[in-house]
Amino acid sequence: MSAVARFDVAIAGGGIVGCACALACAKQGFRVVLVERDALGSGATAAGMGHVVVMDDSEAQFALTRYSRQLWRELKLPAAAEYVEAGTLWIAADGEEMDGAERKQAWYAERGVPSRLLTASELAEAEPNLVAGLAGALLVAEDGVVYPPVAALEMARRAEQLGAQLIVGRAVRAIGDGRMALDDGMELRAERLIHALGANATALSPGLPVRRRKGHLVITDRYPGFVRHQLVELGYLKSAHSSSGDSVAFNVQPRPTGQLLIGSSRQYGAEDAGVDREILRAMLERAEIYMPGLSGLHAIRVWTGFRAATPDKLPLIGPMPGDETLWLATGHEGLGITTALGTAELIASDFTGKKPAIAPEPYLPARFAPAATSLSATLEEL
Ligand SMILES: Cc1cc2nc3c(=O)[nH]c(=O)nc-3n(C[C@H](O)[C@H](O)[C@H](O)COP(=O)(O)OP(=O)(O)OC[C@H]3O[C@@H](n4cnc5c(N)ncnc54)[C@H](O)[C@@H]3O)c2cc1C
């Protein structure tokens with residue numbers, strides 16, 4: 001006979017989103033259990049760059065990223081989590097992109113986000129290793145960088161101190177209808193289940209509108225001061241937006257260790273987790289156009305990870321139509337490190353009935369109702 005344990009909240013997936021949900025729910029006094037198949041903070045969380053960034057793709061994305069960035073600023077992590085407000089420099093390569101930077105600055109200013117335009121010479125002074133001849137940049141000084149796996153682990157530990165139970169090394173086999181079945185035959189029962197399986201979401205819930213989007217990152221040896229801000233080409237948004245095909249963009253992050261993270265790439269339909277040499281070459285060639293000196297640096301490791309992409313580029317946060325016990329917290333694509341904290345607060349507010357800090361509607365899974373219906377069918381079959 002299989003063992004059964006009861007909780008208020010049972011969370012599947014111990015990436016940064018699941019760990020943030022565990023902490024937010026434990027803080028509200030819920031009896032929480034979190035189940036992670038591999039290691040806490042592995043998955044996309046270990047593969048991510050850790051750029052904590054306010055984005056302006058849509059009002060909904062802006063609201064969630066700005067709220068979440070504020071929560072990161074308040075979290076007070078230990079030094080090992082390497083949270084630093086390095087600031088983002090959105091690089092304009094030419095006059096047309098500089099016009100885009102000006103529009104971005106005006107948009108942020110209207111919404112109370114401090115940012116400042118840099119002329120070509122100010123940019124060259126701020127980042128001397130950038131190629132000469134760039135048009136300028138927009139500096140968003142309050143954006144940060146963090147070391148995601150350590151931040152996730154820290155949140156899980158804090159949740160544990162508040163009484164949460166962490167089950168690591170066991171997989172969730174099925175989730176729904178107030179039950180979570182584990183691969184060792186154990187069953188967890190909870191009034192509220194949170195599905196936080198990231199890009200693995202459809203393995204348990206095939207009807208979810210989530211696609212896996214592969215990315216590569218390179219990390220270099222230590223070169224303190226070589227790069228001072230998170231550097232992103234304004235064309236990055238084109239890469240992030242393309243809904244088909246492979247794309248690369250210049251995106252470099254200085255780690256507090258002096259190492260550089262070099263990205264980024266996006267690929268749909270690439271299921272193999274191995275390094276794709278062609279896209280890696282394209283990514284590095286793109287980076288060297290903006291920063292030629294990168295070619296002389298020593299790279300020590302390359303890895304890949306999978307983002308969980310949704311059709312409208314917004315995450316799935318909230319109740320799952322057709323199952324009143326199930327909440328989704330997935331589909332964060334390339335912003336899940338940033339938005340994990342806002343996601344967790346939205347879900348905890350829903351559980352407690354408190355007014356959320358931002359409107360939850362744009363992220364509700366119910367916006368994909370047909371897919372949701374097929375998910376309920378899947379759960380009934382379990
Ligand atoms: C190359 C790259 C760069 C990125 N850069 C950034 C960035 O700079 N800023 C940013 O905000 N975001 C970034 N992201 C996105 C970010 O990493 C993700 O959105 C975020 O990590 C998603 O977290 P998660 O907890 O939803 O998923 P994950 O971290 O993938 O966690 C899901 C967890 O579920 C576990 N799991 C899976 N199946 C089961 C099962 N059956 N039972 C139990 N556990 C299971 C997995 O082991 C995993 O630990 C990047 C992503 C990539 C790939």
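A crossing is left-handed if the near helix is turned anticlockwise from the far one by less than a right angle, and right-handed if clockwise. I kept that rule beside me for the helix pair below.

I am working from a predicted model: local features need pLDDT of at least 70, side-chain atom pairs count only at pLDDT 80 or more, and totals for chains, interfaces and linings use all residues. Residues are numbered from 1 along each chain as its sequence is written.

**Helices.** I looked up H1 (residues 16-27) and H10 (residues 336-352). Helices (H or I, at least four residues) and strands (E, at least two) are DSSP runs, numbered from the N terminus. H1 passes H10 in a right-handed crossing. Their contact, with C-beta atoms placed from the backbone within 7 Å, includes Ala20 and Leu23 of H1 and Ala344 and Phe351 of H10. I noted 14 nonpolar, two polar and one charged residues there. Ala, Val, Leu, Ile, Met, Phe, Trp, Tyr, Cys and Pro count as nonpolar, Asp, Glu, Lys and Arg as charged, and the others, Gly among them, as polar.

**Strands.** I then turned to S12 (residues 211-222), which pairs antiparallel with S16 (residues 299-309) over 10 bridges. Pairing requires at least two DSSP bridges between the strands. Arg213 stands opposite Arg307 of S16. S12 also pairs antiparallel with S15 (residues 259-268), over five bridges. There, I found Gln267 of S15 as the bridge partner of Lys214.

Conventions: Axes are lines fitted to C-alpha atoms, for helices over the stretch in contact, and angles run from 0 to 180 degrees between N-to-C directions. Two residues are in contact if their C-beta atoms, placed from the backbone, lie within 7 Å.
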